[in-house]
Amino acid sequence: DSAKAEAKGGTLIMATNAEFPPYEYHEGKDIVGIDVDIAEAIAEEMGMKLEISDIAFDAIIPAVQSGKADFGAAGMTVNEDRLKNVDFSDSYATSVQSVIVTEDSSISKIDDLKGKKVGVQQGTTGDLYSTDDLGEKSVERFPKGADAVQALQAGKVDAVIIDKNPAEVFVSQNKGLKLLDSAYAEEDYAICVKKGNTELVEKINAALKKLKDNGKLEEITAKYIQA
Ligand code: GLN
C-alpha cells in the first residue's frame, strides 16, 4: 500500500498522463509541467523524492487505489464519481471544458454541438459531459487529447471538448483551429490519494497551503501559463 511505498526509500510515486500541456507533457526525455513542479515541491516539503509514473488517464485512479502510485496529479477534476473511489486534496487550480473547432466551422456555441461528432480524451470530464449532452454515438474517444485534435484537423470529428489550458496549447500548435467563446462550468483540479489515506492527504494539503501562502504556486503557474 502507499504507506509501504512511502517507507520504501522515501520516494513518492505520482501517477499522471503526460499528454496534457501545460499541466504535464513531454519535453525531450523529461516530463514537465505545472503538476510536476507542484508535486516536486510537495515531495520536497515532505523530505521525499518524486518518481513519475506516466500511464493512461483512466488508469490513474486504479493505480492509486491499488497502491501502485501514492497519488495522482493530472489536472484531475474533482467529481462525485471519482470521490467514490479516491480522496482528493484541496484544490490547487480551476478550469473549464472548452470547445475547439476548425476556423471555418459552423459551430459557434455549445448548443450547435447537437447532432455533431465530438472528439474527447477517454475518461475525462470532457468525455462525461459530451456523452451526457450529446449521447454515446456522438462521442469519439481518444487515448490522448492531441489525437482528438488530429481527428478534428482530418475532418473525422466536428469539435474537440477538452480543458481550457491544453485547448489553448493545441490551438496555438495547430493551424486552422479556434476556441469557442462559450465553455462548460468551472471545475476544480486536485490531487487524488487512496481512499482513507488521511495522513498523506493532510501532508499534501499542508504543503499546498504553504505553496499558496509563499507565492510558489503562483510562480509555478506563471512559468507555464502566460497571462
Ligand atoms: N480535467 C479533466 C478530468 O479530470 C481532464 C484531465 C486530463 O485529461 N488530464 O477529467
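G123 is in contact with F57 and D58, leaving aside its neighbours within four places in sequence. Contact here means that two C-beta atoms, placed from the backbone, lie within 7 Å. The glycine is found in the loop between β10 and α5. G123 has 17 C-beta neighbours inside 10 Å, so it counts as partly exposed. A residue is buried if 20 or more other C-beta atoms lie within 10 Å of its own, exposed if 12 or fewer, and partly exposed in between; C-beta atoms are placed from the backbone. R141 is 18 residues from G123 in sequence, yet the two C-alpha atoms are 8.3 Å apart in space.

This is a predicted model: local features need pLDDT of at least 70, side-chain atom pairs count only at pLDDT 80 or more, and totals for chains, interfaces and linings use all residues. Residues are numbered from 1 along each chain as its sequence is written.

Helices (H or I, at least four residues) and strands (E, at least two) are DSSP runs, numbered from the N terminus. Two strands pair if DSSP finds at least two bridges between them. An open sheet of 5 strands has the order β11-β10-β12-β9-β13, with mixed pairing. Its edge strands are β11 (139-142) and β13 (177-179), each of which pairs on one side only. From one strand to the next, the twist averages 30 degrees. Strand β10 (residues 118-121) runs parallel to β11, and 4 bridges join them. V118 has V139 as its bridge partner in β11.

Helix α5 (residues 125-134) lies across β9 (97-102), β10, β11 and β12 (159-163). The helix runs at about 145 degrees to β10. Axes are lines fitted to C-alpha atoms, for helices over the stretch in contact, and angles run from 0 to 180 degrees between N-to-C directions. Which residues of α5 are buried? They are T125, G126, D127 and S130. The buried residues of α5 pack against β9, β10, β11, β12 and β14 (187-189). Just after α5, G135 takes a positive phi of about 95 degrees.

**Strand β1 and other strand pairs**

In β1, 5 of the 6 residues are buried, so the strand is largely enclosed by the rest of the structure. β1 runs parallel to strand β5 (residues 49-54), with 6 bridges between them. T11 stands opposite K49 in β5. β1 is also parallel to strand β6 (residues 71-72), joined by 2 bridges. There, A15 has G72 as its bridge partner.

Elsewhere, β2, β3 and β4 pair in turn. A hairpin joins β2 to β3 through 3 residues. β3 and β4 form a hairpin too, with 2 residues between them. G28 in that turn has a positive phi of about 60 degrees.

**The nonpolar cores**

A nonpolar core is a set of buried Ala, Val, Leu, Ile, Met, Phe, Trp, Tyr and Cys residues joined through C-beta atoms within 7 Å. The largest has 42 residues. Within it, M14, I38, V64, F71 and C192 touch the most other members. The elements that give two or more residues to this core include β1 (11-16), α2 (34-45), α3 (60-66) and α8 (198-213). α2 supplies the largest share, 7 residues. M14 touches A39, L50, I52, S53, A69, F71 and A73, not counting residues up to four places away in sequence. A second, separate core of 19 residues includes V149, A159, I162 and V169.

**Where α2 meets α8**

Two packed helices are described by the angle between their axes and the distance between the axes. For α2 and α8, the angle is about 110 degrees and the axes are 9 Å apart. These helices are therefore roughly perpendicular to each other. Angles under 35 degrees count as roughly parallel, over 145 as roughly antiparallel, 65 to 115 as roughly perpendicular and the rest as oblique. On the α2 side, the contact is made by I38, A41, I42 and E45. On the α8 side, I204, A207, K210 and L211 take part.
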